Amino acid sequence: KAGDRVSARLYYPRAVVFLDALVEDFSGGSGRLLSFYAIPRSVEWKANDHREADTFRLELGYNDLPLDPRVLRSVRVAIYVADAPGDVADIAADPRNLRFLGFADEPSQSFGEDGETVTLEGRDYTGPLIDMPWTGESVRIDRPLDAIVRELVDSVPGMEALVVEADAAPVLSTILGRAEWAPPDKADTWSVIVELCGLAGFVAQVRRDRLQIVAPGRAGVASRRFVYGENVLSLDLRRNLHNAKQKQVEVKCWDDQARELRVATWPTSPIVLSSKVSTTKTGKVRSTQDTAPIIPWYVAGAWTVQQLQDLARSIFDNAVRSEVEGTLETKDLDDLDGLDLLGLQNADEIELRLARGDLQSIQGMGEAEAARHIGRFVDDDAVAVALARAWVQADTLRPTFYVRAASHRWSGDGYSLSIDLQNFV
């Protein structure tokens, strides 16, 4: 049984974790590094927005693995999950089954009716970069972008193994017209990296042990297909009718051929949410304004400024009409085309439709039949027809959604996936 349908295949979701633990050396040494694998009781990992760290949580049986948090200095965690009917240890032989790589932040031990358990919670390689506050110094930007990012990564202890990959390496000084750039106040190392890449129209993201500087179209790689009534356990869609308009859109484009950054915003002037008049100590009247946040969008190619302006306006107008978000849950390990769901992450795409084959409900009806069905509850025939037509037309809208976050969970009860989704406006 997979979702609400009988799957064509039988799943064997299995999990194994590999741990590199630095434990205390009570003889006065710097610690001892131990490497081993374990079968967890449960494991969760969540792929968040690229500005945040991905997170994990796993539970281990203390009787199976007496890993006392009091002796741990540092733990590197690699989580492997796959559909594996054979030996669970063989999962790690395929690097595609690596679902999470990071460090434990909070090891703990608990005692209860279910016995003793050790719990490890932590983040991916983004975590240490977020934890490192920025010194407040300006950044020299008269060098290739990937060289700047490499230097920033190396400034954080333990991050030397994080590989930096870049689609392109523009020199920001040629874009901004100056040799230095000052990060905002109270920034951390990761936010500085994200902002620097954004200045050139690129996205910075951490994938396992690699920091990738990619063009916007390559931030997500997967496209998966879902149909409610077939491989979706539950679905919740909602639309914000009030606040969508209170955001200014800024579109940035890096033209790799011209080696040029172009920027356009809509509305062209900041959206003022509120104004406040106050009096200073000297009696001078001062006016301050609270402006709407700016939503950054990144594209690549030979866009003109006018085309970017039109795109920004289209995004803004569509957001007012069509901003839809929601949550999808499934227990399937692959989509309707047999493609793996265990690797689904932020910025991936999903195609979502409603099944039309259920003849016991309105889902299986055409427009005329749906109008008669609705007419049982609506006195006005014209209203019933209009509602039925709107319902039918809704399924013809672009069914592609953007994955904001993907929460994966494996335990003895099997696998489940919860997706926070949003349409592309």
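Tutor: Strand β16, residues 248-255, runs parallel to β20, and 7 bridges join the two. The model is a predicted one, so treat what follows as a description of a prediction. One of the pairings can be given by residue: Glu 250 has Pro 296 of β20 as its bridge partner.

These two strands belong to an open sheet of 3 strands, in the order β17-β16-β20, with mixed pairing. The edges are held by β17 (260-266) and β20 (294-300); each has a single partner strand, so one side of each has no neighbour in the sheet. On average, neighbouring strands of this sheet are turned by 20° against each other, direction ignored.

Next, a pair of helices. The axes of α2 (residues 145-154) and α4 (residues 189-199) come within 10 Å and cross at roughly 175°. Angles over 145 degrees count as roughly antiparallel, and α2 and α4 are therefore roughly antiparallel to each other. On the α2 side, the contact is made by Leu 145, Ile 148, Val 149, Leu 152 and Val 153. On the α4 side, Thr 189, Val 192, Ile 193, Leu 196 and Cys 197 take part. Sorted by class, this contact has 9 nonpolar residues, 1 polar residue and no charged ones.

The largest cavity has a volume of about 100 Å³. Its lining has 13 residues, and those closest to its centre are Trp 45, Asp 54, Arg 99, Arg 208 and Gln 345. Two or more lining residues come from each of β3 (42-47) and β6 (98-104), and β6 gives the largest share, 3 residues. By class, the lining of the largest cavity has 6 nonpolar, 3 polar and 4 charged residues.

The second largest cavity holds about 60 Å³ of space. Its lining includes Asn 48, Asp 49, His 50, Glu 52 and Asp 54. Also among the lining residues are Asp 124, Thr 126, Trp 190, Gln 205, Val 206 and Arg 207. The largest share of this lining, 3 residues, is supplied by β12. The residues of the lining divide into 2 nonpolar, 4 polar and 5 charged.

Three strands each give at least two residues to the lining: β10 (163-166), β12 (203-207) and β13 (210-214). Of these, β13 has the largest share, 3 residues. The lining of this pocket divides into 7 nonpolar, 4 polar and 8 charged residues.

Conventions
Residues numbered from 1 in each chain as written. Predicted model: local features only at pLDDT ≥ 70, side-chain atom pairs only at ≥ 80, totals over all residues. Heavy atoms only, no water. Helix = DSSP H or I, 4+ residues; strand = E, 2+ residues; numbered from the N terminus. Nonpolar A, V, L, I, M, F, W, Y, C, P; charged D, E, K, R; others polar. Axes fitted to C-alpha atoms, helices over the stretch in contact; angles between N-to-C directions. Parallel < 35°, antiparallel > 145°, perpendicular 65-115°, else oblique. Contact = heavy atoms within 4.5 Å. Pairing = 2+ DSSP bridges. 1 Å grid on protein atoms, 1.4 Å probe; cavity = no way out; pocket = protein on both sides within 12 Å on 5 of 7 lines; lining within 4 Å. Points joined across faces, edges and corners; volume = space filled by probe spheres on them.
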